[in-house]
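Please look over the sequence and the 3D structure that follow, and keep both at hand while reading this briefing. The notes begin with one loop and then move on to the sheet, the hairpin and the core.

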Amino acid sequence: QVQFVESGGGLVQPGGSLRLSCAASGSFFSLYAMGWYRQAPGKQRELVAVIYSGGTNYEDSVKGRFTISRDNVKNTVYLQMNSLKPEDTAVYYCNRVPNLPWGTGTQVTVSS
């Protein structure tokens, strides 16, 4: 069964940085696009960054601040988050595109 294990979240002040990691099990990893999603309290889960064979795409609010990357040898996808804002506070998840069952995510809280 494919699993995603997210890590690297935490509490950070506005303007700070975090690097999230997602370890994926299974042999499919390099064949599919991978995305980072987030869900803030009271809001729907949204896709913030995706990496595929042709490149990357970002949701408008994170362009220029977040960078998604992947290591197909380690079956891991990363999200480097810089210049964090309070509105980035959410639980962050990774998943294949199209989606598989979700992991538990990692909490990111941006607050002074």
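Asn82 is found in the loop between strand 8 and strand 9, where strands (E, at least two residues) and helices (H or I, at least four residues) are DSSP runs numbered from the N terminus. This is a predicted model, in which local features need pLDDT of at least 70 and side-chain atom pairs count only at pLDDT 80 or more, while totals for chains, interfaces and linings use all residues. Residues are numbered from 1 along each chain as its sequence is written, and side-chain values use heavy atoms, with hydrogens and water left out.

- Leaving aside residues up to four places away in sequence, Asn82 touches Gly16, Ser17, Arg65 and Phe66, where contact means heavy atoms within 4.5 Å.
- Although Asn82 and Gly16 are 66 residues apart along the chain, their C-alpha atoms are separated by 6.1 Å.

- An open sheet is formed by 4 strands in the order 1-3-8-7, with antiparallel pairing, and two strands are said to pair if DSSP finds at least two bridges between them.
- The edge strands of this sheet are strand 1 (4-7) and strand 7, each of which pairs on one side only.
- From one strand to the next, the twist averages 15°, with axes taken as lines fitted to C-alpha atoms (for helices over the stretch in contact) and angles running from 0 to 180 degrees between N-to-C directions.
- Strand 7 and strand 8 run antiparallel and are joined by 6 bridges, and Ser69 has Tyr78 in strand 8 as its bridge partner.

**The hairpin**

- Strand 5 (residues 46-52) and strand 6 (residues 55-58) run antiparallel and are joined by 4 bridges, while a hairpin of 2 residues connects them.
- Ala49 has Tyr58, in strand 6, as its bridge partner.

**The largest nonpolar core**

- A nonpolar core is a set of buried Ala, Val, Leu, Ile, Met, Phe, Trp, Tyr and Cys residues joined through side-chain atoms within 4.5 Å.
- The largest such core has 27 residues, of which Phe4, Met34, Trp36, Val77, Leu79, Met81 and Tyr92 touch the most other members.
- The largest share of this core, 4 residues, comes from strand 3.
- Not counting residues up to four places away in sequence, Phe4 touches several residues, including Cys22, Phe28, Met34, Cys94 and Leu100.

How values were computed: Buried means under 20% relative accessible area, exposed over 50%, partly exposed in between (1.4 Å probe, protein chains only).
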